[in-house]
Amino acid sequence: MRASFHGRLALSVVAFVMVCVAVAPIPALAGELVVTNDEWQTTNVGFSQTPAGSTQFALNVAAWFSGSPNSGNFLVYSTNFSLDPAQATTLNATIQGAGYSWVSYTSIPGFTFNLATLMGFDGVFLALPPQGENSVLTDYVNAGGNVYIADGTGVGGPASEAAAWNPFLNAFGLQFDGSTYNGIAGNIPIENPFDHPVLNGVTSLYQNNGNSISYFGSNPNALIIDSFQNQGLYAVYESPTGVPEPGTLALPGIGLIGFLWLAWRRAFSSGKNRRVLIQRSWLLALVLVGVLIGPVSALAGTIDLGFIAFDNLI
């Protein structure tokens with residue numbers, strides 16, 4: 001009988017550990033944004049003005065989106081001279097020379113701007129014209145896609161440009177200022193106060209009169225990573241990671257409750273010291289709370305305390 005109980009106990013421990021591992025926090029699906037106030041940084045002129053800065057900036061964005069320094073598949077949904085491979089030839093050579101794919105939508109037969117199409121790419125790069133559908137872009141980011149948007153193109157004026165992108169950016173805590181262009185031009189020093197990877201190693205970037213970036217609401221995952229003269233020039237949205245689904249979090253809790261029930265049943269039926277049982281139970285209760293708020297952080301403590309308690313229960 002005792003051996004049988006120990007066998008059941010061992011299986012319970014193994015099952016519980018497997019559940020905890022299975023529901024360990026994993027990176028959330030939602031993707032990332034890079035937003036720039038102006039488009040000139042990646043033009044041929046921009047590369048000639050700040051060659052080291054523009055090169056490093058382009059490669060930083062590509063690596064951040066793809067998670068690789070030399071592999072990724074990017075879509076250019078723009079005919080703007082700052083992104084279009086046929087016009088932004090230095091950018092095209094830089095990205096492809098590093099090992100990435102850099103494809104214009106105009107070169108894809110029967111191209112359709114929808115979620116299914118965008119999901120085939122590690123990132124989508126946009127600057128007017130044309131405008132990508134905001135709802136599709138939102139769905140793409142929420143599904144794990146990455147988006148780069150450059151504003152300040154002069155297409156339609158500052159209000160029109162801001163209105164084109166803000167419905168999308170607002171969903172991620174950012175917005176363009178549509179009241180006026182910011183008048184910031186020249187080789188602008190980059191401070192990178194948050195040491196963000198998108199701007200690491202970048203000391204200056206050329207620009208010529210963009211739409212400043214500001215926060216919309218209070219999204220904790222949006223961040224203006226560089227400013228000049230109190231004007232937001234570069235911003236990112238980075239999805240939270242390590243957040244399991246609420247339903248998934250319940251699984252280890254249910255498993256631990258069953259684990260505790262088995263222990264109580266055995267202890268009471270065998271007449272074990274109930275005072276010891278009560279003393280140990282509060283520890284396991286704390287572990288249960290830990291499991292519900294963070295499975296991985298509680299896993300080691302759960303196993304350790306579980307065996308301590310069962311040493312006193314059986």
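Predicted model: local features only at pLDDT ≥ 70, side-chain atom pairs only at ≥ 80, totals over all residues.
Begin by displaying the aromatic side chains, among which the structure holds 16 aromatic pairs. Select phenylalanine 57 together with tyrosine 234: their ring centres lie 5.8 Å apart and their planes meet at 65°, and because planes over 60 degrees apart count as edge-to-face, this pair is edge-to-face. Colouring by secondary structure shows that the pair links distant parts of the chain, since phenylalanine 57 sits in helix 3 (residues 51–66) and tyrosine 234 in strand 11 (residues 231–238), 177 residues apart. Both phenylalanine 57 and tyrosine 234 are buried.

Next, select tyrosine 77 and tyrosine 105, an aromatic pair with 4.5 Å from centre to centre and 50° between the planes, which is a tilted arrangement. This pair, too, links distant parts of the chain: tyrosine 77 belongs to strand 2 (residues 73–77), whereas tyrosine 105 lies in the loop between strand 3 (101–104) and helix 5 (115–118), 28 residues apart. Tyrosine 77 counts as buried because its relative accessibility is 11%, and tyrosine 105 counts as buried because its relative accessibility is 17%.

Finally, move to threonine 94 in helix 4 (residues 89–97). Which residues does threonine 94 touch, not counting residues up to four places away in sequence? Show Phe47, Thr55 and Leu59, which are its contacts on that count.

Methods:
Residues numbered from 1 in each chain as written. Heavy atoms only, no water. Phe/Tyr/Trp six-rings, centres within 6.5 Å; stacked < 30°, edge-to-face > 60°. Helix = DSSP H or I, 4+ residues; strand = E, 2+ residues; numbered from the N terminus. Buried < 20%, exposed > 50% of the residue type's maximum accessible area, 1.4 Å probe, protein only. Contact = heavy atoms within 4.5 Å.
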